[in-house]
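Please keep the sequence and the model in view while reading.

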Amino acid sequence: MTHVLLVRLAGPMQSWGTASRFAARRDSHTRPTKSAMIGMCAAALGLSRSIGLVKPQEPERSAQADAEERQQLTLLGELARTLFGVRADHPGVPVRDYHTVGAGTYPLRPRDLITDHRRAAAVSAGLDTATGDGFGHHTLPGWYGAPKKIAADPLSGVLVSGELARTALITERWYLADATFMVGLEHDDEEFLNTVARALEHPRRLLWLGRKSCPPSGTLALKVVPGDLDTAFRTHGLLPGPDGAADPARRPWAWLQVAPSERGAAPVHDQPVSFDSLRPEHTTRWEVRRRVAIAPDALVWNPKEIIS
């Protein structure tokens, strides 16, 4: 028998990236992705982003460290094995945010001198004649004070910056405002889902709704219920929106993970394989989109019990 952990994702702003990464335009998906949800649960459980990766020249570790990594790998594997579903109780409104990054000149810091010998040579005379006990107030005309594109010089091997001066970078970032989603994680181990639920309410790492500027509001873990994703979504009423209300007659859209052979299934490339910050990996899973007809006797959520 399977069980489903129901999770409430709500906040003033959310942003669920699928393609763009540190680009001038950063889109937001219309709904949370499985990769983002599994990453949130892994953060709540305190799992490392680099577990399972081959670490070159790693010193010999203790048996306890090996046992801890095996336990983390087991938890991450169980998270990835869950079937994922999301119901858009309140889809939210797309919001465009305008950013400018960089440009201008800033005082040189010790890091700027260490990571670029050309800066150190250019400012050395001023450093020798400087007075006072303050450091970091030296400038070089036309040079950008925060080094970018740091790499080893091909001749000397010294770290240098490949971009000493630059103009402002204009970026466009998209968010969902006032959205509320119900996420379901289906698994055959009820106790495992209860462990994840407790971790979401008492996380070991900070949690956010896609980006660090989007913290979640109120309660995340709602409950663990018996059944499958489709049943859980039909038997639980809409979550309250930003105004505390929910239309019981509305039929929201839901996206449910299914087997590839299911009729109407479409591929989605957000099944997490690795969360390494430098080499994240994903593979394909399959999902269907359906309108959810919520049962007349469905549980009606009490905002006072949900929002803390």
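Which residues of helix 1 are buried?

## Helix 1

The buried residues of helix 1 are Lys-34, Ser-35, Met-37, Ile-38, Met-40, Cys-41, Ala-42, Ala-43, Ala-44 and Leu-45; buried means under 20% relative accessible area, with a 1.4 Å probe and protein chains only. With ten of its twelve residues buried, helix 1 is mostly covered. Helices are DSSP runs of H or I with at least four residues, strands are DSSP runs of E with at least two, and both are numbered from the N terminus.

From its first C-alpha to its last, helix 1 reaches 16 Å, close to the 16 Å expected at 1.5 Å a residue; the expected span is 1.5 Å times one less than the number of residues. Gly-46, which follows helix 1, has a positive phi, near 80°.

## Basis and confidence

The model is predicted: local features need pLDDT of at least 70 and side-chain atom pairs count only at pLDDT 80 or more, whereas totals for chains, interfaces and linings use all residues. Residues are numbered from 1 along each chain as its sequence is written, and side-chain values use heavy atoms, with hydrogens and water left out.

The average pLDDT of the chain (the predictor's confidence in each residue, from 0 to 100) is 81, and 72% of the residues score at least 70. Where pLDDT is low, the predicted coordinates should not be read in detail.

## Nonpolar cores

A nonpolar core is a set of buried Ala, Val, Leu, Ile, Met, Phe, Trp, Tyr and Cys residues joined through side-chain atoms within 4.5 Å. The largest one has 38 residues, of which Leu-5, Leu-9, Met-37, Met-40, Leu-79 and Leu-200 touch the most other members. Elements that give two or more residues to this core include strand 1 (3–14), helix 2 (63–81) and helix 5 (190–201). Helix 1 supplies the largest share, eight residues.

Apart from this core lies another, of 19 residues, among them Leu-6, Ala-254, Ala-265 and Trp-301.

## Strand 9 and its partners

Strand 9 (residues 253–258) is largely enclosed by the rest of the structure, because five of its six residues are buried. Two strands pair if DSSP finds at least two bridges between them. Strand 3 (residues 83–90) runs antiparallel to strand 9 and is joined to it by three bridges, with Val-86 opposite Trp-255. Six bridges join strand 9 to strand 11 (residues 281–291), also in an antiparallel arrangement, and here Ala-254 stands opposite Arg-290.

Definitions and conventions: Buried < 20%, exposed > 50% of the residue type's maximum accessible area, 1.4 Å probe, protein only.
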